Amino acid sequence: MATPYVTDESGKFIAATQRPDGSWRKPRRVKEGYVPQEEVPVYENKYVKFFKSKPDLPPGMSEPAASAAQQKIPGCSDDSSGLSKSAKRNMKRKEKRKQQQQSGDVGEVTNAIEAVAISEPVVAPDALESSDADKVKKIKNVKKKLRQVEELQQKIDSGEIKTPSKEQLEKVGRAETLRAELLQLERES
């Protein structure tokens with residue numbers, strides 16, 4: 001776009017012009033060879049220029065032939081036309097997984113319903129797993145406490161600890177209750 005330069009007795013200046021957004025520029029005094037910043041072309045490196053000049057279609061293919069060829073390809077829709085091959089492949093995989101999950105979920109539920117007898121109480125599999133995990137954790141904790149109590153008892157018996165504190169004596173006194181709790185937990189699991 002050529003800038004309209006006006007020359008008068010005070011020098012050269014750019015006349016008031018309207019910007020693309022509709023606002024107006026004030027007349028500005030300029031030196032010889034000045035180009036306004038809005039009119040400086042945007043720099044494009046050689047790769048950008050190459051890809052902009054490159055045609056969208058393969059050599060020798062016309063626009064109607066390209067659209068007809070794309071419609072013949074199975075599974076190729078208009079919404080995925082801008083995607084790369086790998087993106088299209090990933091979309092197909094996701095759709096396939098969804099279908100498998102939906103059909104697999106139905107099959108699993110059907111098998112689970114057939115396996116459960118009517119007289120048995122219904123318990124969610126997650127609840128069973130979490131309760132089993134809780135029992136295992138409790139057993140581990142009780143065993144750990146029992147081991148600590150036994151180590152403390154050995155230290156007291158060997159004379160390593162000459163005067164045990166009140167807390168240490170209480171801990172040694174809990175040994176029997178810990179053993180009973182461990183037996184009960186092991187029976188339940």
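Reader: In the protein chain, where is confidence lowest and where is it highest?

Author: Confidence is lowest in helix 2 (residues 63-72), with a mean of 74, and highest in helix 6 (residues 175-188), at 89. The score is pLDDT, the predictor's confidence in each residue on a scale from 0 to 100. This is a predicted model, where local features need pLDDT of at least 70 and side-chain atom pairs count only at pLDDT 80 or more, while totals for chains, interfaces and linings use all residues. Residues are numbered from 1 along each chain as its sequence is written, and side-chain values use heavy atoms, with hydrogens and water left out.

Reader: What is the mean pLDDT of the protein chain?

Author: The mean is 80, and 78% of the residues reach 70 or more.

Reader: How many helices and strands are there?

Author: The protein chain has six helices and three strands. Along the sequence the pattern reads β-β-β-α-α-α-α-α-α. Helices (H or I, at least four residues) and strands (E, at least two) are DSSP runs, numbered from the N terminus.

Reader: What share of the residues counts as buried?

Author: Of the 189 residues of the protein chain, 11% do. Buried means under 20% relative accessible area, exposed means over 50%, and partly exposed is in between, with a 1.4 Å probe and protein chains only.

Reader: And helix 1, how many buried residues there?

Author: Zero among its eight residues, so helix 1 is hardly covered.

Reader: What happens at the start of helix 1?

Author: A side-chain oxygen of N45 comes to within 3.2 Å of the backbone nitrogen of Y47. A polar contact is a pair of N or O atoms within 3.5 Å; within protein, one must be able to donate a hydrogen and the other to accept it, and residues adjacent in sequence count only if both atoms are side-chain atoms.

Reader: Which residues form the nonpolar patch on the surface?

Author: Y47, F50 and F51, with about 380 Å² of accessible area together. Patches are made of residues with over 30% relative accessible area and no salt bridge; like charges are joined within 9 Å, and nonpolar side chains (Val, Leu, Ile, Met, Phe, Trp, Tyr) within 5 Å. The areas come from the Shrake-Rupley method with a 1.4 Å probe, and for residues only the protein chains shown count as cover.

Reader: Where is F51 found?

Author: In helix 1 (residues 46-53). F51 is exposed, at a relative accessible area of 53%, and F50 is partly exposed, at 48%.

Reader: How many aromatic pairs in the whole structure?

Author: A search of the whole structure finds one. The rings of F50 and F51 have centres 5.2 Å apart and planes at 75 degrees, so the pair is edge-to-face. Rings of Phe, Tyr and Trp (its six-membered ring) pair if their centres lie within 6.5 Å; planes under 30 degrees apart count as stacked, over 60 as edge-to-face and the rest as tilted.

Reader: Switching to charges. How many salt bridges?

Author: The count comes to three, a salt bridge being a side-chain nitrogen of Lys or Arg within 4 Å of a carboxyl oxygen of Asp or Glu.

Reader: What does K52 meet?

Author: The side chain of E44, at 2.5 Å, N to O. K52 is exposed, with a relative accessible area of 59%, whereas E44 is partly exposed at 27%.

Reader: Which residues are linked in a network?

Author: E150, E176 and R179 are linked by salt bridges. In the bridge between E150 and R179, the closest N and O atoms are 3.6 Å apart. E150 lies in helix 4 (residues 125-158) and R179 in helix 6, so the pair ties together parts 29 residues apart in sequence. The side chains of E176 and R179 meet at 2.9 Å, N to O. E176 and R179 are three residues apart in helix 6, separated by about one helical turn.

Reader: Is E176 buried or exposed?

Author: Exposed, at 54% relative accessibility. E150 is partly exposed at 37%, and R179 counts as partly exposed at 32%.

Reader: What about S189, where is that?

Author: S189 is in the segment after helix 6 and is exposed, at 60% relative accessibility.
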